[in-house]
Amino acid sequence: FATIVKASIRADRLDRAAEYLERMRASNIHVSAELVTSILGLLSSRPHSDAAQRLLDLIPRFDHPEATGLRMIRDKLKYIEDLETKERYVALMQSIGIAPLSVTINMMINACAKAGNMSRAEHYFDMVRACGAEPDVRSYTGLIEASLRANQVDRCFELARRMRSDNIKPDQATFVQLIKAAARTGQPGRV
């Protein structure tokens, strides 16, 4: 069944994929984390539709994957290159009840930074606290990189001060970004 579900999604036959997921459910066949990951990955590269929603609506009816399965689903983000597709994948995860962890959110902050999308990086940075966690060194470093790419050099140093006031020690990656920022200002002593 799992092979048919994946092949149906690849062929844009989402109704058929949903039909087979329903059959799996009716037959009490376990939906593996691997299949959920495949479904989310395939759907994240397509525009949203009623058929896609029907397929997503079937997933929560199954038992959620065990912790390893959740890690597998979240780790899929590492292999998605395009920021828009990454964002759709995270939205799909959330739609089936899988909350992003700070690791997932940090991946998104870094993806936004690399894409030069400061506003989205800030959105994900704020999401860390909204998910009940605190920003860590990777969260701050990603936002500093996004600020640098957006040519907001003063913001880089403001974030570094905020980081220190939150008792978070900068790491090597943080210092690399701050050195780049200082080089742009011509004031190496700012680091």
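Analyst: Start with the counting rule. Lys and Arg count as positive, Asp and Glu as negative, while His and the chain ends are left out. By that rule the chain carries 28 positive and 23 negative side chains. The centres of these two sets lie 4 Å apart. Keep in mind that this is a predicted model.

The chain has 11 helices and zero strands. Read along the sequence, its pattern is α-α-α-α-α-α-α-α-α-α-α. The C-alpha trace spans about 65 × 30 × 20 Å along its principal axes. Of the 191 residues, 46% are buried. Take the contacts between residues at least 6 apart in sequence: 62% of them join residues at least 24 apart. The exposed surface comes to about 9,900 Å², and carbon and sulfur atoms supply 48% of that area.

Next, the pairs themselves. Side chains of opposite charge can pair when their charged atoms come close. How many salt bridges does the structure hold? The count is 11. A pair is counted when a side-chain nitrogen of Lys or Arg is within 4 Å of a carboxyl oxygen of Asp or Glu.

Take R54 and D15 as one of these pairs. Their closest N and O atoms are 3.7 Å apart, and the two form a salt bridge. R54 sits in helix α4, residues 50-58, and D15 in helix α2, residues 14-26, so this pair ties together parts that are 39 residues apart in sequence. R54 is partly exposed, at 32% relative accessibility. D15 is also partly exposed, at 47%.

R54 has another partner. The side chains of R54 and E22 meet in a salt bridge, with N to O at 3.0 Å. This pair too links distant parts of the chain: R54 is in helix α4, E22 is in helix α2, and 32 residues separate them. E22 is partly exposed, with a relative accessible area of 32%.

R155 and E158 make a further pair. Their closest N and O atoms are 3.2 Å apart, within a salt bridge. Here both partners belong to helix α10, residues 153-165. They stand three residues apart, about one turn of the helix. Are these two partners buried or exposed? R155 is buried, because its relative accessible area is 17% and buried means under 20%. E158 counts as partly exposed, at 38%. Back to R54: salt bridges that share partners join D15, E22 and R54 into one network.

What about links between cysteines? The count of disulfides is zero. C112 is in no disulfide, and the nearest cysteine sulfur, that of C131, is 14 Å away. C112 is buried, at 0% relative accessible area. For comparison, a disulfide needs the two sulfur atoms within 2.5 Å. C156 is buried too, with a relative accessible area of 0%.

Finally, look at the loops on either side of helix α10. Most residues other than glycine have a negative phi. N151 is not a glycine, yet its phi is positive, about 65°. It is placed in the loop between α9 (137-149) and α10. N151 is exposed, with a relative accessible area of 55%. N167 is not a glycine either, and its phi is positive at about 60°. N167 is found in the loop between α10 and α11 (172-185). It is exposed, at 70% relative accessible area.

To recap the charged part: R54 pairs with D15 and with E22, and R155 pairs with E158 inside helix α10.

Definitions and conventions
Residues are numbered from 1 along each chain as its sequence is written. This is a predicted model: local features need pLDDT of at least 70, side-chain atom pairs count only at pLDDT 80 or more; totals for chains, interfaces and linings use all residues. Side-chain values use heavy atoms; hydrogens and water are left out. Buried means under 20% relative accessible area, exposed over 50%, partly exposed in between (1.4 Å probe, protein chains only). Helices (H or I, at least four residues) and strands (E, at least two) are DSSP runs, numbered from the N terminus. Contact means heavy atoms within 4.5 Å. Accessible areas come from the Shrake-Rupley method with a 1.4 Å probe; for residues, only the protein chains shown count as cover. The place of a charge is taken as NZ of Lys, CZ of Arg, CG of Asp or CD of Glu.
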